[in-house]
Structure formats: C-alpha cells, structure tokens
Amino acid sequence: MRPMTVSSDRWSWMRDQLSEREQAGRLRWLSQTVWLEDGWMMREGKRMLNLASNYYLGLYPWISDALWNSLNEEARLLGEPGLRIGSGASRLITGHDPHHAALEREMSEFKGTEACLVLSSGYMANAGIIPALVGRHDAVFSDRLNHASIVDGIVLSRAEHIRYPHRDLNRLEDQLKKWTVGALGAGRAARKLIVTDAVFSMDGTLAPLAELATLKERYGAMLMVDEAHSGGVYGIEGRGLCHALGIHERVDIMMGTFGKAFGAVGAYAAAEDIVIRYLVNQARTFIYNTGLPPLVAALVRARLQEVRAAEEARSALMRKASLFRARLQAGGLDTGEGDSHIVPVMLGSDRRAVAVSEGLAEAGVAGLAIRPPTVPEGTARIRFAPSPLHTDEDLATAAEAVVRIADEL
C-alpha cells in the first residue's frame with residue numbers, strides 16, 4: 001500500500017487567513033510593554049504617553065513593601081503561613097479563601113445589594129452569568145455595541161439573541177412587545193433578559209439606564225448592567241453609573257470588573273441573595289473555574305478603599321478627558337457622541353487607523369487602532385483613555401500630535 005501523501009504545510013489555511021488580515025489592516029500582534037510612573041510606558045524601546053489603558057483613576061499600580069507585609073500578616077492571622085498566589089481549585093472545592101469571603105461582603109456593602117459573587121475575570125463573569133439566567137426558549141435583548149463577552153455569553157446561553165440599535169429605546173420596546181406577544185401566544189413561560197454595558201468601551205457613550213429599567217419593569221424582564229467601564233468612575237465613592245443615576249435598586253444584576261479603574265483583575269456580580277446563590281449553583285464559569293487568586297482578592301480589598309476615597313482622581317479624570325476631547329475637536333476630528341472618560345477618534349478605514357496609530361507611536365503617544373470586529377465595519381478608530389496621572393501639558397501635546405498625524409493621513 002502506498003503511504004498517504006501529507007501536505008508539506010499543514011497550517012497553510014492559517015497562513016492564508018493571517019495574510020488576508022494583514023492585507024486588510026487587521027493583523028494583531030503582541031508588543032511587550034513596561035509601565036513607567038506618571039502615566040508613561042516603554043514599548044519596543046520607545047517611551048510613550050500611555051493613553052491606551054483602562055487604568056482610569058491612575059492609582060499606584062505597584063505593590064508597596066508596606067502593603068505586602070500587611071497582607072501577609074493578615075493572612076497569618078487568618079491561619080495561613082502567608083498570602084497564597086493561587087486558589088488551588090474551584091472555590092466550590094477547596095479554593096474558597098477568607099479573602100474571597102471578605103471581598104464579597106465588602107463589595108456587597110459597596111454596591112448596596114444583599115450579596116455578591118467574585119469571579120476570575122469580566123469575560124468569565126458574562127460568559128457564566130448570562131447562560132445561567134436564560135436558556136434555549138428565552139430571549140436576550142442586547143445593545144448592538146455591547147462588549148464581546150456579553151455577546152459570547154448570549155451565544156452560550158442558546159437563548160434567542162435580539163440586538164437593538166445602539167441606545168435605541170423605541171426599537172427595543174418594539175422588540176420586547178413583539179417577542180412577549182409571540183412567546184405568550186406559543187404558551188411558553190419564557191424569560192426575558194435586557195443586558196447592556198453602562199459605559200460603552202469603544203465609544204465612550206452612556207447607556208440610558210433609567211429608561212431601560214422602566215422597560216424591564218413594563219415587560220417583566222430582567223435587567224443586567226455591566227459596570228466594567230463605569231465602576232470606580234461614576235457615582236458616590238465610585239459605586240458606578242447605576243448608583244450615579246439612582247436606579248441601582250431597579251437593576252437585577254450589576255456586574256463589574258476589577259481590571260479597569262481598580263487596576264487589578266477579577267470581576268463581581270452584585271444582586272439579591274437568591275440570585276447569587278443561584279449563580280453559585282448554575283454559572284459554569286464559576287463552578288468549573290479555579291478561583292481568583294487569594295493574593296488578588298486581598299489586593300482588591302485594599303484597592304477598594306483607595307477607590308472609595310478617590311474623589312479628586314475622579315474629578316481630575318473627567319476634567320482631563322474633557323480637555324483632551326476639546327483639543328481634538330478643535331482640530332477638526334470626530335470624537336463620536338460620547339462625553340465620558342473614554343475618547344475615541346473616528347477614522348473610518350482600518351488602514352488609516354493603523355497608520356495613525358503607527359505615526360503616534362513614532363511621536364511618543366500610545367494610542368492603538370481599534371478595528372472590526374471589535375467595532376462595526378467602516379468605524380475604525382483610535383481609542384484614548386486619559387488618566388489623572390497625565391499632565392494638561394502632556395495631553396495638549398498628544399492632542400496636537402493626533403490632529404497633525406490624522407490630517408497628514
């Protein structure tokens with residue numbers, strides 16, 4: 001028998017797809033980055049103003065010796081030799097540490113809910129919570145610009161995915177009305193979930209949360225709000241946009257992350273006790289996932305106190321974002337509809353966005369190109385996130401560079 005002929009390049013299909021991405025201006029790659037003080041960074045040997053991170057409040061990002069010693073001492077008082085860097089298992093097995101329990105109590109108080117559940121990341125939270133709430137015969141109503149983790153959570157749930165145009169309440173109500181009538185006609189006791197980002201990470205726009213709460217009450221739906229980009233930034237003590245608008249008690253689940261304003265990693269879900277107990281039993285990304293490292297839980301507990309006290313940083317953040325946006329607009333650039341701490345510059349084509357990003361890197365400014373599928377076709381952009389660490393002078397210089405380079409290209 002003749003031996004089977006095997007292609008000499010078994011990954012040719014991958015090479016072809018990567019080549020297509022590169023030609024379209026959509027190839028992604030990793031660039032090693034070293035963070036410096038005062039909002040700067042080193043990337044590929046070049047010093048750049050870091051306007052690309054989600055580190056919104058600019059709180060000290062390194063662990064001081066004093067904090068490290070304090071956390072280790074607390075761990076010893078809890079009965080362990082020191083602070084563990086790993087949970088060692090799912091929290092339902094042996095991975096539930098005293099710092100997890102303490103962080104959940106403190107976050108529950110912070111969010112004003114009966115209970116809270118800490119998960120390993122925002123992505124894992126959305127990918128687990130949504131499929132726990134809805135299933136094959138249910139429906140999820142999702143803003144078209146919601147984060148990919150929300151979209152993937154909906155796909156995993158197998159519920160009907162009904163997308164409405166960005167912040168279009170009339171379309172959402174039409175969809176709710178139509179689906180509710182159809183579901184009742186079919187005799188199904190189906191569940192409905194409205195899910196939205198509070199602040200949309202690539203546009204800087206705010207969700208109409210009060211109106212969404214009214215619609216969820218009118219049509220008997222659940223409402224889940226992802227506070228990833230609003231937590232720490234909006235509301236008294238940084239409790240989030242739901243609290244800033246005074247509608248937190250009308251929201252069924254407030255989910256958020258520790259990877260943005262908190263400058264760490266991990267996520268939480270805050271809700272009534274029955275909801276949290278249900279998620280402990282039903283959210284697969286909690287049940288089957290190694291718990292958040294106790295080290296991180298302890299650090300987040302310390303950071304929570306800093307976030308709550310960071311009123312000056314929140315005020316400075318909004319002022320600096322407004323200053324930066326105004327400079328860009330004065331230079332004739334389109335910064336979209338948002339007025340939050342996130343400032344996009346809309347550039348249209350993928351190639352132009354990449355070219356502007358590369359030009360900014362040469363000028364010492366880190367502003368990365370955001371392209372489809374992260375954003376809709378034809379809306380490639382540079383997404384900027386000033387922080388309180390940046391001086392007004394640095395932001396003015398950066399804005400001038402953006403205007404000049406965008407004009408040249």
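The model is predicted, so local features need pLDDT of at least 70 and side-chain atom pairs count only at pLDDT 80 or more, while totals for chains, interfaces and linings use all residues. Residues are numbered from 1 along each chain as its sequence is written, and side-chain values use heavy atoms, with hydrogens and water left out.

**Aromatic rings**

Across the whole structure, the search returns 5 aromatic pairs. Rings of Phe, Tyr and Trp (its six-membered ring) pair if their centres lie within 6.5 Å; planes under 30 degrees apart are stacked, over 60 edge-to-face, and the rest tilted. Two of the pairs, including their geometry, are tabulated here.

| Pair | Centre to centre | Angle between planes | Class |
|---|---|---|---|
| Trp-11 and Trp-13 | 6.4 Å | 55° | tilted |
| Phe-258 and Phe-262 | 5.3 Å | 65° | edge-to-face |

For accessibility, buried means under 20% relative accessible area, exposed over 50%, and partly exposed in between (1.4 Å probe, protein chains only). Trp-11 is partly exposed at 37%, and Trp-13 is likewise partly exposed at 46%. Phe-258, in contrast, is buried at 0%, and Phe-262 is buried at 3%. Ring pairs also bring in Tyr-268, which forms a cluster with Phe-258 and Phe-262.

Arg-47 has its charged end over the ring of Trp-40, at 4.0 Å from the ring centre. The rule here asks for NZ of Lys or CZ of Arg within 6 Å of the ring centre and within 35 degrees of the ring normal.

**Surface patch**

Trp-11 lies in the segment before helix 1 (12–23); helices (H or I, at least four residues) and strands (E, at least two) are DSSP runs numbered from the N terminus. Together with Trp-13 and Met-14, Trp-11 makes up a nonpolar surface patch of about 320 Å² accessible area. Patch members have over 30% relative accessible area and no salt bridge; nonpolar side chains (Val, Leu, Ile, Met, Phe, Trp, Tyr) are joined within 5 Å and like charges within 9 Å. A salt bridge is a side-chain nitrogen of Lys or Arg within 4 Å of a carboxyl oxygen of Asp or Glu. Areas come from the Shrake-Rupley method with a 1.4 Å probe, and for residues only the protein chains shown count as cover.

**Cysteines**

With a disulfide taken as a pair of cysteine sulfur atoms within 2.5 Å, the count is 0 disulfides. The cysteine sulfur nearest to Cys-116 is that of Cys-242, 14 Å away, and Cys-116 is in no disulfide. Cys-116 is buried at 7% relative accessibility. Cys-242 is in no disulfide either, and is buried at 0%.
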